[in-house]
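Hi everyone, thanks for coming. Please have a look at it first, and then we'll go through it together.

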Amino acid sequence: LFLRSAAAEFPSAPVEVSVCADSLEVRSGGSCDAAALPAGVRLAPSSCRGLRRLRGDGLHLRVRLRLPPPAADVVFTLRESLKSNKNYIFYCQSCGDVVVKDRKFLRVLPLPSENWSDLVEEWCCHPNPFARSTLHPQHGDCFVGDTFFLLSSRNESHVPESPKSKENTRVICKRCKTMLGETVSSGTIKYYVTEVTIQSAEGSFSPTPRSQFVQSIVAQCLLELSSAKSTFRFTIKGDNGKTYILIWLLNSDTLLVESLGSSSSQSGFTLFGDILTPSSGPLETWNAVKVLYQPCIQCRNKELADAWEDDMGVHPLKFPSETCLELLLILGLSTTSLPPSLRYMNSFQVRNSFC
């Protein structure tokens, strides 16, 4: 637990720390900073230890938490957001424009991982029998990949009919010009999960802040793949084939609590930027994953990236290149919100991402 408070920034000021079962308070002079806890979460005051004050960091201490029994361990999967025989509308996540209108899927089927064809050589003692095979969804089909939905592009006006170059395969939102996906054949389109919001046709579009949506979707991808494949290292690649980020998933059971406090100075800091709003209240709680990451732009960490590229234990995730840069910015902003002493583990940067 780390606290940023007015009292923590002045080494000469006496500080009184009070640990209760449902809160923690820091008092110094006339100021008081309180960190509240969500319902059901309690502290064990007798377990408090390691209290210290670091210049620039604030107060650090360790205390045991008492949590209610966890619910059944069910990992959310992206394909669970779609059900057969229901009508859906696909919206551009950035601007809310309708991308796919009132589509009923008769089949929602998972696809093998994107590198499945590379593994066939390990399974077969003869040439790859699937080398010329492709999967083409029909109008009532939705094929779900690790980071995309594969749909029939029939009657979609925003899809290029006969792409003649790699650039012409990009599917662009008509309103905001954001890249939504790409055509993979004359009748099939790939929509990236980070670029579209899918909602039931009976409902209405409800916007989600962009950074919140991106990190939530990426966290879901990491959780699903780590659970299904026991994979904990990932490369984030752009649609241009370049590697932008190396990510190492540490854990998926972090409870992240952000309290804006009750200090007279009202000096709180925001961990996620555009997520909190003035009406969101003094206490926010998320289930979060903790990751280590390394940026790979501008030839940084090239040697490590090359080693991960050749490692079969590393799973590649592909997103639009612009989204990879967005994700890198989100990671960097979260890291800088942590105290300096907690920002790095070995050579990797630390980041908590809610899911």
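Let me begin with a term: a charge sits over a ring if NZ of Lys or CZ of Arg is within 6 Å of the ring centre and within 35 degrees of the ring normal. Please also keep in mind that this is a predicted model.

With that term in hand, let's look at Arg 233. This arginine lies over the face of Trp 248, at 5.8 Å from the ring centre. Its charged end also sits over the ring of Trp 308, and there the distance to the centre is 5.3 Å. Asp 311 itself is partly exposed, with a relative accessible area of 27%.

That brings us to salt bridges in general. How many does the structure hold? There are 11 salt bridges. Another one to find on your screens joins Asp 239 and Arg 170, whose closest N and O atoms are 3.2 Å apart. Asp 239 sits in the loop between β16 (233-237) and β17 (243-259), and Arg 170 in strand β12 (residues 170-172), so this contact links parts that are 69 residues apart in sequence. Are these two residues buried or exposed? Asp 239 is buried, with a relative accessible area of 10%, and Arg 170 counts as buried at 18%.

A further salt bridge runs between Lys 318 and Glu 182, with 3.7 Å between the closest N and O atoms. Here strand β19 (residues 314-318) supplies Lys 318 and strand β13 (residues 179-185) supplies Glu 182, so the pair ties together parts that are 136 residues apart in sequence. Glu 182 is buried too, with a relative accessible area of 5%.

Now for the aromatic rings. A search of the whole structure finds eight aromatic pairs. One of them is formed by Tyr 91 and Phe 205, and this pair is tilted: the centres are 4.7 Å apart, with 40° between the planes. Tyr 91 counts as buried at 7% relative accessibility, whereas Phe 205 is partly exposed at 25%. Elsewhere on the list, ring pairs link Tyr 88, Phe 90, Phe 105, Phe 149 and Tyr 191 into a cluster.

Let me finish with the backbone. Which residues other than glycine have a positive phi? Ser 230 is one of them, with phi near 55°, and Cys 299 is another, with phi near 65°. You'll find Ser 230 in the loop between α2 and β16, where this serine is exposed, with a relative accessible area of 55%. Cys 299 is in the loop between β18 (283-295) and α3, and is exposed as well, at 63%.

Definitions and conventions:
Residues are numbered from 1 along each chain as its sequence is written. This is a predicted model: local features need pLDDT of at least 70, side-chain atom pairs count only at pLDDT 80 or more; totals for chains, interfaces and linings use all residues. Side-chain values use heavy atoms; hydrogens and water are left out. A salt bridge is a side-chain nitrogen of Lys or Arg within 4 Å of a carboxyl oxygen of Asp or Glu. Helices (H or I, at least four residues) and strands (E, at least two) are DSSP runs, numbered from the N terminus. Buried means under 20% relative accessible area, exposed over 50%, partly exposed in between (1.4 Å probe, protein chains only). Rings of Phe, Tyr and Trp (its six-membered ring) pair if their centres lie within 6.5 Å; planes under 30 degrees apart count as stacked, over 60 as edge-to-face and the rest as tilted.
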